[in-house]
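Here are some notes for a first reading, written to be followed with the sequence and the structure open beside them. Please take the points in order.

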2 protein chains.
Amino acid sequence: MSAGGRLGAIHHVAIVVRSIDASLPRYRELFGLDPEADPVAFASQRVRLCFLPTGPEPAARIELVEPMDDDSGVARFLADRGEGVHHLCFVTDDLPRELEHLVAREAELIDTEPRPGAHGTVAFVHPRTLNGVLWELLEPGAG
Amino acid sequence: MSAGGRLGAIHHVAIVVRSIDASLPRYRELFGLDPEADPVAFASQRVRLCFLPTGPEPAARIELVEPMDDDSGVARFLADRGEGVHHLCFVTDDLPRELEHLVAREAELIDTEPRPGAHGTVAFVHPRTLNGVLWELLEPGAG
């Protein structure tokens, strides 16, 4: 469905936050959103992550991203811009083919090869490629 | 499902762009995304809008938002921050009740009453309320 230049559904919208623990009660209180699991450390990126499903299945998720130190890209984003939307993640069923498709059309990739993510293999497309948005592509379960 | 503090699905993610017409070909070329209809002027907000469905039905949409002049809030966003994600919109089946729920929990609302939007009635929640994100709530078909 999505291979070769046809994205699938939104998997998540990532929001950089100072503190996941401090933020979670407000998501429940205001919007009725609960985490699908406890926050996890994603040590290679120096961040903690927490996913909150929204709406009926298959549910797009809010991903809360909290820097674990002051050196990560996410920490710099937080210092420079404050809390807010960090990236949009879309599902693909063939990430290597999707990356070939993008390279052939001169998209600027942050990751030219799939790398491990929290839900499968992922690759990021640079915000310069299209309207200042950091796009993440995810092949669920792969890797 | 969503009334009284339980949001529904993501309806769209809005991206502020300098030019919808200049951007659309890249969405098709890179990601296979096509508009669900021609761009429309939403004169009360001084913006042009274009919606691109993503993934299978019910599809969350990318909303491209282009300022029609230099005076709108969207124009100021573009001047201050450049192109990028502007807000997240979630479906609710009872917007007046949702707003009461939020007010009772001291959320800071931009719109205390539903107002007409492109797909129904809408209200915006101030980014100060939760993690720097501008949240839009939409009751489809209402108004």
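Predicted model: local features only at pLDDT ≥ 70, side-chain atom pairs only at ≥ 80, totals over all residues.

1. What does B:Ala60 touch, once residues up to four places away in sequence are not counted? Its contacts are A:Ile10, B:Ile10, B:His11, B:Leu52, B:Pro53 and B:Thr54, a list that includes a residue of chain A. The C-alpha atom of B:Ala60 is separated by 23 Å from that of B:Arg97, which stands 37 residues apart from B:Ala60 along the chain.

2. Turning to the sheet of chain A, eight strands form an open sheet with mixed pairing, in the order β2-β3-β4-β1-β5-β8-β7-β6. Its edge strands are β2 (40–42) and β6 (115–116) of chain A, each of which pairs on one side only. Strands of a sheet pair through backbone hydrogen bonds, and they may do so either parallel or antiparallel. In this case β2(A) and strand β3 (residues 47–53) of chain A run antiparallel and are joined by three bridges, and A:Val40 has A:Leu49 as its bridge partner in β3(A).

3. Across β7 (120–125) and β8 of chain A lies helix α3 (residues 95–104) of chain A, which runs at about 150 degrees to β8(A).

4. The aromatic rings deserve a careful look, since the count comes to six aromatic pairs over all chains when ring centres must lie within 6.5 Å. One of them is the tilted pair of A:Phe90 and A:Trp135, with 5.8 Å centre to centre and 35 degrees between the planes. This pair links distant parts of the chain, 45 residues apart, for A:Phe90 is in strand β5 (residues 84–91) and A:Trp135 in strand β8 (residues 135–140) of chain A. Both A:Phe90 and A:Trp135 are buried.

5. Why is the pair of A:Trp135 and B:Tyr27 called edge-to-face? Their ring centres are 6.0 Å apart and their planes stand at 75 degrees, which is over 60, so the pair is edge-to-face. Because A:Trp135 lies in strand β8 of chain A and B:Tyr27 in helix α1 (residues 20–31) of chain B, the pair joins two chains.

6. Finally, the largest nonpolar core has 60 residues, and those with the most contacts inside it are A:Leu88, A:Trp135, B:Leu88 and B:Trp135. Beyond its neighbours within four places in sequence, A:Leu88 is in contact with residues including A:Trp135, B:Val13 and B:Ile62.

Definitions and conventions
Residues numbered from 1 in each chain as written. Chains lettered and ligands numbered in written order. Heavy atoms only, no water. Phe/Tyr/Trp six-rings, centres within 6.5 Å; stacked < 30°, edge-to-face > 60°. Helix = DSSP H or I, 4+ residues; strand = E, 2+ residues; numbered from the N terminus. Buried < 20%, exposed > 50% of the residue type's maximum accessible area, 1.4 Å probe, protein only. Contact = heavy atoms within 4.5 Å. Core = buried A, V, L, I, M, F, W, Y, C linked by side-chain atoms within 4.5 Å. Pairing = 2+ DSSP bridges. Axes fitted to C-alpha atoms, helices over the stretch in contact; angles between N-to-C directions.
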